[in-house]
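Student: I have a structure to go through and I'm new to this. Can we take it piece by piece?

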Amino acid sequence: MPIVLLFTLAILALFALAIAAPKLMRLRIRFFKWIHWTWAARVLEDHFERWVVFARIVFVGLAVVLFLFGVAS
């Protein structure tokens with residue numbers, strides 16, 4: 001039973017990260033500006049929507065894989 005609970009918490013955390021993806025990208029842009037990597041910040045700003053969609057797909061994909069692995073075990 002504890003394994004199922006751990007998988008459930010991990011899946012919920014990944015879905016929460018998928019919802020918070022725009023804020024995480026903005027934080028990443030701020031960090032790059034702070035360390036004076038303006039080229040990296042500019043790339044993220046220019047393609048912000050695509051990076052957010054990509055991050056959401058990755059987080060939801062990981063949640064689905066964890067769910068399938070949890071169901072199989």
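Tutor: Start with a term: a salt bridge is a side-chain nitrogen of Lys or Arg within 4 Å of a carboxyl oxygen of Asp or Glu. Keep in mind that this is a predicted model.

Student: OK, how many salt bridges does the structure hold?

Tutor: There is one salt bridge in the structure.

Student: Which side chains meet in it?

Tutor: Those of Lys-33 and Glu-45, with 2.8 Å from N to O. The two belong to distant parts of the chain, twelve residues apart: Lys-33 sits in helix α2 and Glu-45 in helix α3.

Student: Why would side chains pair up like that?

Tutor: Side chains of opposite charge can pair when their charged atoms come close.

Student: Switching topic. What does Ala-41 touch?

Tutor: Leaving out residues up to four places away in sequence, Ala-41 touches Ile-29, Phe-32 and Lys-33. Ala-41 itself lies in helix α3.

Student: Buried or exposed, that Ala-41?

Tutor: Buried, because its relative accessible area is 2% and the limit for buried is under 20%.

Student: How do α1 and α2 sit relative to each other?

Tutor: Their axes come within 4 Å and cross at roughly 65°. Angles from 65 to 115 degrees count as roughly perpendicular, so α1 and α2 are roughly perpendicular to each other.

Student: Which residues make the contact?

Tutor: On the α1 side, Leu-17, Ala-18 and Ile-19. On the α2 side, Ala-21, Pro-22 and Leu-24.

Student: What does Phe-59 touch?

Tutor: Phe-59 is in helix α4. Not counting residues up to four places away in sequence, it touches Leu-14, Leu-17, Ala-18 and Leu-24. Of these, Leu-17, Ala-18 and Leu-24 also take part in the contact of α1 with α2.

Student: Buried or exposed, Phe-59?

Tutor: Buried, with a relative accessible area of 19%. The cut-off is under 20%, so that value falls within the buried class.

Student: What about Gly-61?

Tutor: Gly-61 is also found in helix α4. At 31% relative accessibility it counts as partly exposed. Gly-61 and Leu-9 are 52 residues apart in sequence and 15 Å apart in space, C-alpha to C-alpha.

Student: Now the surface. Which residues form the nonpolar patch?

Tutor: Trp-37, Trp-39, Val-43, Trp-51, Phe-54, Val-58 and Leu-62. Together they have about 690 Å² of accessible area.

Student: Which helix gives the most to the patch?

Tutor: α4, with four residues. Both α3, residues 38–46, and α4, residues 48–72, supply at least two each.

Student: Where is Trp-37 found, then?

Tutor: In the loop between α2 and α3. Trp-37 is partly exposed, with a relative accessible area of 41%.

Student: What else is in that loop between α2 and α3?

Tutor: His-36 is placed there. At 65% relative accessibility it counts as exposed, because the exposed class begins over 50%.

Student: What is phi of His-36 near?

Tutor: Near 65°, which is a positive value in a residue other than glycine.

Conventions
Residues are numbered from 1 along each chain as its sequence is written. This is a predicted model: local features need pLDDT of at least 70, side-chain atom pairs count only at pLDDT 80 or more; totals for chains, interfaces and linings use all residues. Side-chain values use heavy atoms; hydrogens and water are left out. Patches are made of residues with over 30% relative accessible area and no salt bridge: like charges are joined within 9 Å, nonpolar side chains (Val, Leu, Ile, Met, Phe, Trp, Tyr) within 5 Å. Accessible areas come from the Shrake-Rupley method with a 1.4 Å probe; for residues, only the protein chains shown count as cover. Buried means under 20% relative accessible area, exposed over 50%, partly exposed in between (1.4 Å probe, protein chains only). Axes are lines fitted to C-alpha atoms, for helices over the stretch in contact, and angles run from 0 to 180 degrees between N-to-C directions. Angles under 35 degrees count as roughly parallel, over 145 as roughly antiparallel, 65 to 115 as roughly perpendicular and the rest as oblique. Contact means heavy atoms within 4.5 Å.
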